[in-house]
Amino acid sequence: MKVFMARDLLQTNAGMAQRNRGVFSRHNILAINLISSPGAGKTTLLEKMLDALAGEMNIAVIEGDIYTSRDAQRLEDKGVEVIQINTAGACHLDAGMIAGVLKEMPLEKLDMIVIENVGNLVCPAEFDLGEDFKISVLSVSEGSDKPAKYPLIFRQSRACIINKIDLIPYTDFQLEQVIDEIKDINGNLEIFPVSATKGDGMGAWISWIRDMQKGKSRSAGE
Amino acid sequence: MHELALVQGLLESVLEQAKKHQIKKIERVKIVVGDMTSAMPESLQFAFEVLRRDTPAGEAVLEIERRPVKLTCQECHFVFRPEGLKYSCPQCVSGRTSIVEGRELFVEYFEGE
């Protein structure tokens, strides 16, 4: 006997993600999913983002990490709610893990939730968490070939941050060429070259994400 | 690396359906995997061989059909298969394209008795 199923392998995750999306919408929360390789500077970027925005809106962070809570400790000093998820070996966060921690969060008070995914450009691209959009973070020290090697994450993202541009003079990183390549993969992507530690380009990124948050809370009010 | 989780979900739903149809022995499971997914066929195959043990799918064959990427231009609606990573429209050069095929990741059918 032949049984036809046409069942998506990610169906369970997709269902959960949809539920999370509903929770974010009901509470007018902008949820973003930050994805990069290990060491691209997600946590530093987040620290600077919190410095710039924590005074004007309530932000919470969900930290995905395979084993440690080092990143969460760094962010707690910023006076925002930080929830740690240890995936115990798993290479990505899934929608069920997010659903589990949303229950613990003061949702009525929040304007934005930043999910810092496990450092990995492959698997997190595949798992919808219910976020408004994914942001991929690429860094100069990783080399110019990341977009070509991991096209899916650039295709799935709404914005891409190219971090550590202050290091360009010391590497063979070709900024223009990398931007062209990323645009070939996804012409709709917003691209922000920044140095999170030195501050270059951070203003444009912060003001974009601020506008996205305002857009979300405005559309919810309609 | 997440292929194990994918195959676990696949097997659970196939075994559940098999039970419903009173199938005692699963012989073949056919899945479709688009080229623009991060699931590697070799890893799916390996995970399947590990997880099928001691189930009614213990001797089942996993057949994987790959689907190449197909895009459509949001501006001029041209449908094309991209060359390499040039996902922008070859006709009107717009970078605004959407994926028609290549993101598939589903069980099409299974066979057994």
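These legends walk you through close-up views of a predicted model.

Before you start, note that local features need pLDDT of at least 70, side-chain atom pairs count only at pLDDT 80 or more, and totals for chains, interfaces and linings use all residues. Residues are numbered from 1 along each chain as its sequence is written, chains are lettered from A and ligands numbered from 1 in the order in which they are written, and side-chain values use heavy atoms, with hydrogens and water left out.

**View 1. The largest pocket, with a volume of about 340 Å³**. A pocket is found on a 1 Å grid over the protein atoms alone, as an open set of points where a 1.4 Å probe fits, with protein on both sides within 12 Å along at least five of seven lines; lining residues have an atom within 4 Å of a point. Points are joined across faces, edges and corners, and the volume is the space filled by probe spheres set on them. Here 18 residues form the lining, and L9(A), T12(A), N13(A), A5(B) and G9(B) lie nearest the centre. Two elements give two or more residues each: α1 (11-26) of chain A and α1 (3-20) of chain B. The largest share, 7 residues, comes from α1(B). Helices (H or I, at least four residues) and strands (E, at least two) are DSSP runs, numbered from the N terminus. By class, look for 6 nonpolar, 8 polar and 4 charged residues in this lining. Ala, Val, Leu, Ile, Met, Phe, Trp, Tyr, Cys and Pro count as nonpolar, Asp, Glu, Lys and Arg as charged, and the others, Gly among them, as polar.

**View 2. The second largest pocket, with a volume of about 220 Å³**. Its lining has 17 residues, and nearest the centre you will find G39(A), K42(A), T43(A), D71(A) and E116(A). In chain A, α2 (42-53), β3 (59-65) and α3 (70-76) each supply at least two lining residues, and α2(A) gives the most, with 3. The lining divides into 4 nonpolar, 8 polar and 5 charged residues.

**View 3. Where chain B meets chain A**. The contact (heavy atoms within 4.5 Å) takes 34 residues from chain B and 28 from chain A. About 2,800 Å² is buried between the two chains, and carbon and sulfur atoms give 62% of that area. Buried area is the accessible area (1.4 Å probe) that two parts lose on being put together, summed over both. Look for H2(B), L85(B) and L105(B), which supply 19% of the area that chain B buries against chain A, more than any other three residues.

**View 4. A salt bridge between the chains, E126(A) with R103(B)**. A salt bridge is a side-chain nitrogen of Lys or Arg within 4 Å of a carboxyl oxygen of Asp or Glu. In this pair the closest N and O atoms are 2.8 Å apart, and the interface of chain B and chain A holds 2 salt bridges. On the chain B side, β6(B) gives the most residues to the contact, with 8.

**View 5. A salt bridge within chain A, K78(A) with D51(A)**. Their side chains meet at 3.2 Å, N to O. K78(A) sits in the loop between α3 and β4 (81-86), while D51(A) is in helix α2, 27 residues apart. Over all chains, the whole structure has 19 salt bridges.
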